[in-house]
Amino acid sequence: MAGPAPIILCAGQYGSASTWLYNAVHALMEAEYGPVHQHIHRQFADSPDQLPRAVDPAAPLLLKTHAPTRGLRWLAARGGGRAILSIRDPRDAVASLMARFHFDYALCRDRVEQTCQALPLLPDAVPCLVLRYEDGFSQDPATLARIARFLGLKPSSRLRRRVFDDLTPDAVRTRIAAMLEAGALGPNPTAHSHDGTSHWHPGHVGDGLPGKFATVLTAGQAADIARRGAGFAEAFGYAMPPPARLRPGETRRLEGWGPGIACLGTGFAAPDAEGAWLSARQAMLHIPLEAGPAATLLLEVEAPAPTR
């Protein structure tokens with residue numbers, strides 16, 4: 001790639017092999033630019049505010065991002081950058097975070113919802129190569145050739161094979177285990193701990209199976225994510241059904257992560273096993289109704305006692 005040093009965004013939905021992608025791209029760029037540039041600046045950043053004040057203007061810039069802000073999209077576009085975008089069914093993204101890292105539903109829902117809002121805007125800002133997790137791109141050696149062509153890189157077939165072999169699930173598990181044994185992730189590593197260079201976390205490697213939300217999420221949680229990720233699903237061709245219509249005599253409970261969670265709109269705090277509290281003076285419910293004879297809709301609300 002002739003001219004100014006490139007800005008490359010590795011943008012990904014959570015659980016979409018975005019860290020595999022980030023490390024693969026770095027390995028390919030390092031082989032290409034190593035003799036010319038002493039350093040490729042790489043880091044995580046959703047916003048330009050997360051970048052250091054001083055970066056070598058000659059150094060290629062490789063950024064891992066989940067929810068790129070308008071400022072980051074503008075920076076990439078202004079610098080003639082490109083993006084490689086890894087995507088995944090948002091319901092599986094939430095399920096994957098919960099299963100691998102044991103995060104609670106509210107945290108996972110909020111993170112995935114942010115990516116669902118930000119990632120569909122990226123293809124309008126910069127040229128994008130879109131990689132779908134469900135296609136198994138991280139398990140296909142040909143993916144590295146696709147990435148290299150998109151970035152204008154010319155790695156040898158031997159180098160591509162080496163990069164691929166270094167990033168197999170077994171190889172990454174071995175690398176993470178070595179980091180843990182060496183204390184590189186801190187004295188008491190948690191799911192939030194990660195290597196600052198590669199961004200591998202303990203327990204990072206998943207099983208690669210699509211559709212896992214059906215065994216991890218409740219029906220209410222799955223419907224909640226389907227509604228919140230509707231724009232992402234439309235942009236990238238994921239078929240996610242809307243919440244089922246409420247029929248006369250039917251109940252939609254919030255407790256126990258029930259299907260009523262899918263009806264929550266603005267003004268509600270993150271739900272938990274007991275239900276959902278209001279977080280604003282006004283809140284919105286979205287309740288699709290089955291057509292039928294006129295009937296009364298009963299909304300049962302538990303109000304907290306006044307406090308002084």
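Thr19 touches a handful of residues from elsewhere in the chain: with neighbours within four places in sequence left aside, its contacts (heavy atoms within 4.5 Å) are Lys64, Ser198, His199, Trp200 and His204. Thr19 sits in helix 1 (residues 18-33), where helices (H or I, at least four residues) and strands (E, at least two) are DSSP runs numbered from the N terminus. With 5% relative accessibility, Thr19 counts as buried; here buried means under 20% relative accessible area, exposed means over 50%, and partly exposed is in between (1.4 Å probe, protein chains only).

The model is a predicted one, so local features need pLDDT of at least 70 and side-chain atom pairs count only at pLDDT 80 or more, while totals for chains, interfaces and linings use all residues. Residues are numbered from 1 along each chain as its sequence is written, and side-chain values use heavy atoms, with hydrogens and water left out.

Now for the chain as a whole. It has 10 helices and five strands, and 45% of its 308 residues count as buried. Its C-alpha atoms fill a box of roughly 75 × 45 × 45 Å, taken along the principal axes. Among contacts with a separation of 6 or more, 64% join residues 24 or more positions apart. The chain exposes about 16500 Å², with carbon and sulfur atoms supplying 53% of that area (Shrake-Rupley method, 1.4 Å probe; for residues, only the protein chains shown count as cover).

The buried residues of helix 7 are Val172, Ile176 and Met179. Seen down the helix axis, these buried residues fall within an arc of 55 degrees, so they line one face of helix 7 (the arc is that of the directions from the helix axis to the C-beta atoms). Helix 6 (157-166) is part of what covers them. The face of helix 7 turned away from the buried side carries Asp170, Thr174, Glu181 and Ala182, which are exposed. After helix 7 comes Gly183, with a positive phi near 75 degrees.

Charged side chains pair up too. The whole structure holds 13 salt bridges, each being a side-chain nitrogen of Lys or Arg within 4 Å of a carboxyl oxygen of Asp or Glu. One of them joins Asp89 and Arg91 (2.8 Å, N to O), and both of these residues are buried. Another links Arg228 to Asp224, with the closest N and O atoms 2.8 Å apart. Arg228 and Asp224 are four residues apart in helix 9 (residues 219-228), so about one helical turn separates them. Asp224 is buried, with a relative accessible area of 0%. This pair belongs to a network of salt bridges linking Arg109, Asp110, Glu113, Asp224, Arg227 and Arg228.

Leu299 lies in the segment after helix 10 (230-236) and, at 55% relative accessibility, counts as exposed.
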